[in-house]
Amino acid sequence: MHRRSFLAATGTLPLAYGTRAMAADARPVFLNYSQEQIDKAYDQSFWAPQMAELEAQDGVNSAAVRRKMPPRTERYGNSDADLMDIFVPPGAKKAPVMVFIHGGAWTRNTREDASYPAPTFVGRGAAWLAPDFGSLKTLRLPDMVENCRRALEWTVRNAESFGGDPDRVFLSAHSSGAHLAACVLITDWTQRGLPRDAIKGAMLMSGMYDLYPVLISSRSTFLHITPEEEAEFSPMRHLSRITCPIAVLTADEDSPEFKRQSHVFADALAGMGRLAGRKVVFDANHFQEPERLAHADSEVSKVAFSLMGL
């Protein structure tokens with residue numbers, strides 16, 4: 001099935017292209033998706049065939065940044081794997097802090113692949129932090145969420161030690177990282193001895209905010225959680241816990257499900273007065289969207305700067 005045929009079958013093409021009914025032998029399993037269609041809707045390689053090359057380039061670009069401006073690396077948790085890279089402007093004092101949670105279907109990439117945006121933020125006088133938090137290859141999803149929460153808690157408690165401002169900690173993330181970040185945003189920080197608004201704002205790019213359709217898709221072959229965990233780690237079901245403004249971004253060439261999830265989440269945030277803005281990133285697929293952070297004049301970077309007051 002080609003991408004245009006997929007979109008026509010699911011009714012996600014513009015009206016000028018028309019829609020057609022689903023084949024009689026392809027029963028819908030979610031909304032108007034057949035099983036084949038929902039699997040493809042959560043398979044980014046179908047929408048971005050150059051996925052591997054784009055992710056590899058992030059690693060190459062990040063390695064170049066790390067050679068030019070080596071980060072300070074700190075351990076934020078109990079494990080030797082709980083590491084955070086910290087990039088700060090020279091002589092930083094009370095610098096706003098952006099923590100970035102990388103994507104990769106909860107299974108790929110590390111903090112070392114997320115260094116490429118650092119010059120953009122350091123150049124604006126902000127700190128750029130990127131943590132490792134494990135993957136589904138060795139951990140369960142609840143453990144990954146907890147690691148991300150610990151990384152943010154460590155950041156707020158230790159910001160002054162690297163020249164950051166504990167009262168200006170922000171969060172950004174992409175794809176599965178945006179799901180993890182949204183789980184961070186529904187944390188009750190008061191139970192950890194921090195202010196309720198410990199995170200002052202977030203920018204989420206092409207994330208998943210309800211795990212129900214994800215678990216219907218082929219991602220269920222590696223995402224193994226209980227029904228209770230599905231509910232707990234679906235941020236869309238816990239909107240009342242969100243305490244900060246959130247900017248929601250999507251890529252115009254992204255899959256229909258990543259677009260739909262982002263639009264539904266943004267609509268809900270708007271209804272409760274928590275939407276800082278929404279942006280469609282044009283001429284970009286799922287993986288090209290966060291790469292715009294490497295350029296200070298890009299629409300993605302400008303959203304982040306606006307959120308941070310830079």
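This is a short walk through one chain, from its overall form to a few local sites.

Good morning. A caution to start: the model is predicted.

Overall form first. The chain carries 12 helices and eight strands. Its radius of gyration is 19 Å, close to the 19 Å that the globule rule gives for 310 residues, so the chain is as compact as a globular protein of that length. Along the principal axes, the C-alpha trace spans about 65 × 40 × 40 Å.

Of the 310 residues, 56% count as buried. Take the contacts with a separation of 6 or more: residues 24 or more positions apart account for 74% of them. The accessible surface comes to about 13000 Å². Carbon and sulfur atoms hold 51% of that surface.

Charges next. There are 34 positive and 37 negative charges in the chain. Their mean positions lie 3 Å apart.

On to the cysteines. C183 counts as buried, because its relative accessibility is 0%.

C183 brings us to its helix, α7. This helix covers residues 176-185 and is mostly covered: 10 of its 10 residues are buried. The list runs S176, G177, A178, H179, L180, A181, A182, C183, V184 and L185. What do these buried residues pack against? On the strand side, β3 (95-101), β5 (164-174), β6 (201-205) and β7 (246-251). On the helix side, α6 (141-158) and α8 (211-216).

Two loop residues now. G103 sits in the loop between β3 and α5 (118-122). Is G103 buried or exposed? Buried, because its relative accessible area is 9%, and the cut-off for buried is under 20%. Leave aside neighbours within four places in sequence, and G103 is in contact with R108, N109, H174, S175, S176 and G177. Of those, S176 and G177 are among the buried residues of α7. There is also a C-alpha distance to note. G103 and L180 are 77 residues apart along the chain, yet their C-alpha atoms are separated by 9.0 Å.

R219 and D43 are 176 residues apart along the chain. Their C-alpha atoms are separated by 8.2 Å.

Last stop: helix α12, residues 299-308. Seven of its 10 residues are buried, so α12 is largely enclosed by the rest of the structure. The buried ones are V300, S301, V303, A304, F305, L307 and M308. As a reminder on spacing, an α-helix has 3.6 residues a turn, so residues three or four places apart point the same way. After α12 comes G309. The phi of G309 is positive, near 75 degrees.

To recap two points. Thanks, that is my tour.

Note on methods. Residues numbered from 1 in each chain as written. Predicted model: local features only at pLDDT ≥ 70, side-chain atom pairs only at ≥ 80, totals over all residues. Heavy atoms only, no water. Helix = DSSP H or I, 4+ residues; strand = E, 2+ residues; numbered from the N terminus. Rg over C-alpha atoms; globule rule 2.2 N^0.38 Å. Buried < 20%, exposed > 50% of the residue type's maximum accessible area, 1.4 Å probe, protein only. Contact = heavy atoms within 4.5 Å. Areas by Shrake-Rupley, 256 points an atom, 1.4 Å probe, with all protein chains shown as cover. Lys, Arg positive; Asp, Glu negative; His and termini not counted. Charge placed at Lys NZ, Arg CZ, Asp CG, Glu CD.
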